[in-house]
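Here is a short report for a reader who is new to this structure. Look at the model first, then read on.

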Amino acid sequence: MVLNSPDVATALDLLGLTVVPEDFEALACQVAWTHPAAEAISDAQSLAYRVVWEAVEKRIESRKGGDL
């Protein structure tokens, strides 16, 4: 099964988040809080995590002027 990448708003919703986190640590903590390790993450949620990760990366790059 091939899944289409969700937009950021849909990805946030799939992960139980309301806003793009400030950094990668905040993203990991917020996802861990809403998805206990004892429960498997779905393929859709895994793809959503990647979409939100990329949104966080863009946020960081925009703050630093593109220098990571």
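## A buried glutamine

Gln45 counts as buried, because its relative accessibility is 15% and the cut-off for buried is under 20%. This residue sits in helix H3. The model is a predicted one.

What does Gln45 touch, beyond its neighbours within four places in sequence? The contacts are with Leu14, Leu15, His35 and Ala40.

## The chain as a whole

The protein chain has three helices and zero strands. Along the sequence, the pattern reads α-α-α. The C-alpha atoms fill a box of roughly 35 × 25 × 20 Å along the principal axes.

The protein chain has 68 residues, and 25% of them count as buried. Now take the contacts between residues at least 6 apart in sequence. Of these, 66% join residues at least 24 apart.

Helix H2 covers residues 24-34. Which of its residues are buried? They are Ala26, Leu27 and Val31. Seen down the axis of H2, the buried residues fall within an arc of 125°, so they line one face of the helix. An α-helix has 3.6 residues a turn, so residues three or four places apart point the same way.

The other side of H2 has exposed residues, Glu25 and Trp33. As for the buried residues of H2, their cover includes helix H3, residues 43-64.

## The start of H2

The N-terminal end of H2 is capped by Asp23. A side-chain oxygen of Asp23 lies 3.3 Å from the backbone nitrogen of Glu25. Glu25 is also one of the exposed residues of H2.

## How H2 meets H3

How do the two helices pack? The angle between H2 and H3 is about 150°, and their axes are 10 Å apart. Angles over 145 degrees count as roughly antiparallel, and H2 and H3 are therefore roughly antiparallel to each other. Their crossing is right-handed.

Both helices supply residues to the contact. From H2 come Phe24, Leu27, Ala28 and Val31. From H3 come Tyr49, Val52, Trp53, Val56, Glu57 and Ile60.

How values were computed
Residues are numbered from 1 along each chain as its sequence is written. This is a predicted model: local features need pLDDT of at least 70, side-chain atom pairs count only at pLDDT 80 or more; totals for chains, interfaces and linings use all residues. Side-chain values use heavy atoms; hydrogens and water are left out. Buried means under 20% relative accessible area, exposed over 50%, partly exposed in between (1.4 Å probe, protein chains only). Helices (H or I, at least four residues) and strands (E, at least two) are DSSP runs, numbered from the N terminus. The arc is that of the directions from the helix axis to the C-beta atoms. Contact means heavy atoms within 4.5 Å. A polar contact is a pair of N or O atoms within 3.5 Å; within protein, one must be able to donate a hydrogen and the other to accept it, and residues adjacent in sequence count only if both atoms are side-chain atoms. Axes are lines fitted to C-alpha atoms, for helices over the stretch in contact, and angles run from 0 to 180 degrees between N-to-C directions. Angles under 35 degrees count as roughly parallel, over 145 as roughly antiparallel, 65 to 115 as roughly perpendicular and the rest as oblique. A crossing is left-handed if the near helix is turned anticlockwise from the far one by less than a right angle, and right-handed if clockwise.
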